[in-house]
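Hi,

Here is the structure I promised to pass on. Have a look at it first, and then read on for what turned up.

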Amino acid sequence: MGATLTTVSAILKELYEGSLREQLNTETVAIKRIERTSEGVSSEVGGKYVTFPIHTQRNPGIGARLELDALPVAGNQGTAAARVGLKNLYGRLQMTGQLFELASSNAQAFMSAMDLEVNGLKNDVVKDINRQVYGNNIGGIATATAVQTATTLTVANTIWAQIGMAVDQTDSTGVTIKASNRTITAINSATPSITISGANITTAVGDLFTRTGSSTKEWTGLGSIVQNFGTLYNVDPTINPVWTSEVDSNGGVNRALSEGLMIQMVDRIRTRGGQTTLILANLGVRRAYFNLLTQQRRYSNVKEFEGGFSGLAFTTDTGDVPMVADVDCPLNTMYFLNEKQLKLYREGDWSFMNRDGNMWQRVVGFDAYEAVLFQYSELGTHQRNSHGVIKDITEG
């Protein structure tokens, strides 16, 4: 038999064409909106906490009197001290000594292994931070919706789950670890469900899957900030009732989106002294808003807004507010934010540890090296009541 491609395959070269073809979604809309101006970022962070005062109550010593009536009892302004502690965030990668020697010198390599891993990790940590913008410090990636004993588990949604992600199973508070260091091996967005490695686990309704080792250690995101209950940054709204956001929910039952719901939320925030500058929603809620405009024969083209961002305009009597879609935004939810009152506190931008002069550290006992990317940061707000959220929206 004559020679064929099969018989000579061992001596044929593989030709790698062009650059790496990205197959993963790398959008980071929310964090870019927060970082787009220096007003929203502070690197002047010293000590363990950032503390700032908030104005919580007016002076009650005001009143009208008749002649010779006793004057109003003197009062004072009400204040409280908000305290923001930074969170410690990391990304870690490892490469063998052989890769250091061979990857960058291979003339047929389409991308050196070092560039792939280093740049990939930089993108990955920013993508994860974009998810944490919407979180609540616990770090839930997926929420169990049934009592089940299995490795394929039904969850509320899979928008934050990723193949290969290492996860722990926790209770709903994130405090109790029920199973640790499992790997997500399959995702079914239609069911929705995730499949994890290892033996069967038993879930209760509300159990969470969090990144391994991360539960209760992530950013205090919008899931905690935009709430009408709960202590935030050491300020308790039962003592300072002004320290709450506006929340419009429907008991978990989805309802149609309307301009009436949206303008009412903007007005509720305005009544409390805030101004909505941004509306964030996922793609499904954005479709619902687009359909609403189309049905009412309203102009619904995408509009460019300041800072290079585009979105559908929501018209109010104080001007147009951009309604921007973010794939990481929770389902059936629309956030109404005052960006001037959101602030990113951090010691510095993402950096590789190089305190001894080299970002690459030898892995003791192995021909391998590792690098650690880190950032000490937290998301904060100076005015909790200047934000709002509409929940339980039927998606388009």
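Before the sheet, one term: two strands count as paired if DSSP finds at least two bridges between them. Also keep in mind that this is a predicted model.

Six strands make it up, and their order is β5-β12-β8-β9-β10-β7, with antiparallel pairing. The edge positions go to β5 (140–143) and β7 (152–154); each has a single partner strand, so one side of each has no neighbour in the sheet. From one strand to the next, the twist averages 40°.

Strand β8 (residues 166–170) and strand β9 (residues 177–188) run antiparallel and are joined by four bridges.

Next, have a look at strand β19 (residues 342–346). Is β19 mostly covered or mostly open? It is mostly covered, with five of its five residues buried. Leu-342, Leu-344 and Arg-346 point one way from β19, while Lys-343 and Tyr-345 point the other way, and all are buried. As for its pairing, β19 runs antiparallel to strand β22 (residues 368–381), and five bridges hold the two together. Tyr-345 has Glu-378 as its bridge partner in β22.

Gly-223 sits in helix α4 (residues 222–225). Leaving aside residues up to four places away in sequence, Gly-223 touches Tyr-134, Gly-135, Asn-136 and Tyr-335. There is also Pro-330, which is 107 residues away from Gly-223 along the chain, yet their C-alpha atoms are separated by 9.4 Å.

Now for the charged pairs. How many salt bridges does a search of the whole structure find? The search comes up with 13 salt bridges. Here are some to look at.

One of them joins Arg-211 and Asp-128, with the closest N and O atoms 2.9 Å apart. This pair links distant parts of the chain, as Arg-211 is in strand β12 (residues 208–211) and Asp-128 in helix α3 (residues 113–132), 83 residues apart. Arg-211 has a relative accessible area of 23%, so it is partly exposed, whereas Asp-128, at 14%, is buried.

Another salt bridge brings together the side chains of Asp-207 and Lys-178 (3.0 Å, N to O). Asp-207 lies in the loop between β11 (201–203) and β12, and Lys-178 is in strand β9, so the pair ties together parts 29 residues apart in sequence. Asp-207 counts as buried because its relative accessibility is 3%, while Lys-178 is partly exposed, with a relative accessible area of 42%.

The side chains of Arg-270 and Asp-317 meet in a salt bridge as well (3.2 Å, N to O). Here the link runs between helix α5 (residues 259–271), which holds Arg-270, and the loop between β16 (309–316) and β17 (319–325), which holds Asp-317; the two residues are 47 apart. Arg-270 is partly exposed at a relative accessible area of 47%, and Asp-317 counts as exposed because its relative accessibility is 65%.

Finally, some salt bridges share partners: Asp-128, Arg-131, Arg-211 and Glu-218 are joined into one network that way.

Cheers

How values were computed: Residues are numbered from 1 along each chain as its sequence is written. This is a predicted model: local features need pLDDT of at least 70, side-chain atom pairs count only at pLDDT 80 or more; totals for chains, interfaces and linings use all residues. Side-chain values use heavy atoms; hydrogens and water are left out. Axes are lines fitted to C-alpha atoms, for helices over the stretch in contact, and angles run from 0 to 180 degrees between N-to-C directions. Buried means under 20% relative accessible area, exposed over 50%, partly exposed in between (1.4 Å probe, protein chains only). Contact means heavy atoms within 4.5 Å. A salt bridge is a side-chain nitrogen of Lys or Arg within 4 Å of a carboxyl oxygen of Asp or Glu.
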